Amino acid sequence: MDNQEINNGRRRFLTLATCGAGGVAALGVVTPFVASFFPSEKAKAAGAAIEVDVSKIEAGQLMTAEWQGKPIWIINRTERQLSDLKTLDSQLADPYSEAEQQPEYAKNATRSIKPNIMVAIGICTHLGCSPTYRPDIAPADLGADWKGGFFCPCHGSKFDIAGRVYKGVPAPTNLVVPPYKYLSDTAILVGGD
């Protein structure tokens, strides 16, 4: 009976050690599973607002930034481009962005907070191509009435220098104006308004 005598202290130690090792293993399995419910740092950064310095954009120049994986166009429009906007209303499908959901500050002729600075997502509203910036006046391929703007080479959609779509083109709506606000006279925060 001495050989088969039960050592209760050793049994208790082995039981606790086994339970402890099982608990650590279970925690090791559960931790990555729970962590997968939270967005990664890369995903957080993709949706974060971006700050853009507009002080170095010369008159008539386009600058491209990236926000949420999309190109953001920022243009410092010239006085001539701004005056030409007033002459185009009859040629445009929605000159004041009334038929679509746009920020309130985009529901005017310049579609912007400050008249000279335009901010828009650089993706055609037809099938998602990226239009080209065509600031030239009356080029042979776009016609004598062209006052500058954007031309989508995929299917021929045309937008004026404020991103407003012309009538009779495949694109159904104006270029999208993202939410943005001015942090100062020279800095814009795209992604927050």
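## Order of elements

Read from the N terminus, the chain runs α-α-β-β-β-α-β-β-β-β-β-β. That amounts to three helices and nine strands. The model is predicted.

## Overall dimensions

The chain has a radius of gyration of 29 Å, while the globule rule gives 16 Å for 193 residues, so the chain is more spread out than a compact globule. Along the principal axes, the C-alpha atoms occupy a box of roughly 110 × 35 × 25 Å.

## The annotated span

The unreviewed UniProt entry places a "transmembrane region" at residues 12-35. In the model, residues 12-35 are 100% helix and 0% strand.

## Burial and contacts

How many of the 193 residues count as buried? The share is 36%, with buried meaning under 20% relative accessible area.

Sequence separation can be read from the contacts. Take contacts between residues at least 6 apart in sequence: 53% of them join residues at least 24 apart.

## Surface and charge

On the charge side, the chain carries 19 positive and 20 negative side chains. The centres of these two sets lie 4 Å apart.

Terms used: Residues numbered from 1 in each chain as written. Predicted model: local features only at pLDDT ≥ 70, side-chain atom pairs only at ≥ 80, totals over all residues. Heavy atoms only, no water. Helix = DSSP H or I, 4+ residues; strand = E, 2+ residues; numbered from the N terminus. Rg over C-alpha atoms; globule rule 2.2 N^0.38 Å. Buried < 20%, exposed > 50% of the residue type's maximum accessible area, 1.4 Å probe, protein only. Contact = heavy atoms within 4.5 Å. Lys, Arg positive; Asp, Glu negative; His and termini not counted. Charge placed at Lys NZ, Arg CZ, Asp CG, Glu CD. UniProt positions renumbered as here; feature names shortened; annotations may be inferred.
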